[in-house]
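Please take the sequence together with the three-dimensional view that follows, and keep both at hand while reading.

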Amino acid sequence: MISQPSETKSIVGRFAPSPTGPLHVGSLVAALGSYLIAKRAGGLWLLRMEDLDLPRVVPGIADDMMATLEKLGFKWDGEVLYQSRRTEQYRAAARELQQKGLAYACGCTRKEIAEIASAPHEGELVYPGVCREGLPPEKVERALRVKVYDEVISFEDGIVGRYSQHLSASCGDFVIHRADGPYAYHLAVVVDDAASGVNQVVRGCDLLASTPRQIYLQRIFGFPTPDYYHLPLVTGPDGSKLSKRDNAVSLAAGRDLDRDGGSLLCAALRFLGQAPPPELQDAPPAEVLAWGVAHLNLGAVPRTPAPFL
């Protein structure tokens with residue numbers, strides 16, 4: 001059964017792109033889906049730049065993303081949050097887990113884990129717990145891991161339906177910080193969503209498998225768990241993985257959004273299973289968005305990847 005956004009609580013949704021390249025059709029679908037579902041419920045829609053991995057961040061892309069979203073009629077609520085400015089908050093959260101005995105230093109290399117670990121689960125190595133009881137004397141700290149236990153994390157996704165994962169069998173104790181790098185995505189998004197009051201997360205299905213880890217962190221921090229909606233992924237015409245470079249929709253990529261912004265949004269609506277009337281094809285983006293909010297049918301959103309036509 002497809003769940004509908006709650007009408008009994010004040011909804012706070014968000015769009016959280018990584019400024020490592022221009023906005024592309026996949027991120028446009030995520031932006032549109034998150035905007036429509038939040039606004040349909042009369043909620044807020046926040047914007048967050050997930051720029052933790054600074055070496056991969058492309059200078060100027062965050063500004064271009066925001067300018068592109070504005071050209072497409074999107075209006076976010078409040079100030080834009082930048083993860084690169086929140087290192088102290090992530091450090092405090094990691095320290096809290098260590099003080100509670102829920103996180104520990106790990107000195108294992110990926111090669112060592114691959115040699116010891118059981119067969120990869122969904123392409124991911126399952127950590128065998130070598131350093132769980134203390135860092136062996138011959139090892140130096142390479143990462144901070146959070147302990148997981150023999151339990152199944154389940155949640156009801158608003159589009160995909162029931163999803164469950166056994167954390168200890170799927171990933172084992174997972175990394176929340178590398179000694180030589182940024183804090184991990186899982187830790188950062190959980191801390192940021194809680195700090196911003198986000199209670200509705202709408203994003204691509206490529207992040208579905210990581211959601212149980214985030215729910216687990218929410219529980220051990222005592223944070224509320226948002227409602228989740230995982231949208232179908234955009235593929236290439238032949239069903240292959242989408243090339244971000246060849247599917248940019250941003251101003252930086254030379255897209256004339258004054259001319260085709262409305263038609264681009266109509267295509268994104270159709271990808272999400274909606275049926276905008278033909279006359280909207282040449283309408284201003286704000287008008288297309290208003291139609292999408294008023295006519296959103298969550299039950300029509302597909303569950304399988306598809307090309308963006």
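Which residues lie nearest the centre of the second largest pocket? Before that is answered, a word on the basis: this is a predicted model, in which local features need pLDDT of at least 70 and side-chain atom pairs count only at pLDDT 80 or more, while totals for chains, interfaces and linings use all residues. Residues are numbered from 1 along each chain as its sequence is written, and side-chain values use heavy atoms, with hydrogens and water left out.

The residues nearest the centre of the second largest pocket are Glu 124, Val 175, Arg 178, His 186 and Arg 213, within a lining of 27 residues. A pocket here is an open set of points on a 1 Å grid over the protein atoms alone, with protein on both sides within 12 Å along at least five of seven lines, whereas a cavity is a set of points where a 1.4 Å probe fits but cannot get out; lining residues have an atom within 4 Å of a point. The space in this second largest pocket is about 700 Å³, a volume being the space filled by probe spheres set on grid points that are joined across faces, edges and corners. Two or more lining residues come from each of α4 (110-116), β8 and α6 (185-196), and β8 gives the largest share, 3 residues. Helices (H or I, at least four residues) and strands (E, at least two) are DSSP runs numbered from the N terminus. By class the lining has 12 nonpolar, 6 polar and 9 charged residues, where Ala, Val, Leu, Ile, Met, Phe, Trp, Tyr, Cys and Pro count as nonpolar, Asp, Glu, Lys and Arg as charged, and the others, Gly among them, as polar.

Strand β5 (residues 143-146) is joined to β8 by 4 bridges, and Val 175 in β8 has Arg 145 opposite.

Glu 156 has Arg 162 in β7 as its bridge partner. In β6 (residues 152-157), Ile 153, Phe 155 and Asp 157 form the covered face, while Val 152, Ser 154 and Glu 156 form the uncovered one.

Another open sheet of 3 strands has the order β1-β2-β3, here with parallel pairing, and its edge strands, β1 and β3, each pair on one side only. Between β1 and β2 there are 4 bridges, with Phe 15 opposite Leu 47 in β2. Helix α1 packs on this sheet, touching β1 and β2 at about 150 degrees to the direction of β2, and α2 also packs on the sheet, touching β1, β2 and β3 at about 155 degrees to β2.

Which residues of helix α2 (residues 61-71) are buried? They are Ile 61, Ala 62, Asp 64, Met 65, Met 66, Thr 68 and Leu 69, buried meaning under 20% relative accessible area, exposed over 50%, and partly exposed in between (1.4 Å probe, protein chains only). These buried residues pack against β1 (12-15), α1, β2 (44-49), β3 (81-82) and α8 (257-271), and α2 is followed by Gly 73, whose phi is positive, near 90 degrees. In helix α9 (residues 285-295) the buried residues are Pro 285, Val 288, Leu 289, Trp 291, Gly 292 and Val 293, covered by elements that include α1, α2 and α8, contact meaning heavy atoms within 4.5 Å.

Helix α1 (residues 25-40) also gives the most to the lining of the largest cavity, with 3 residues. About 30 Å³ of space lies in that cavity, and its lining consists of Gly 33, Leu 36, Ile 37, Leu 231, Leu 272, Leu 296, Leu 298 and Val 301.

Conventions: Two strands pair if DSSP finds at least two bridges between them. Axes are lines fitted to C-alpha atoms, for helices over the stretch in contact, and angles run from 0 to 180 degrees between N-to-C directions.
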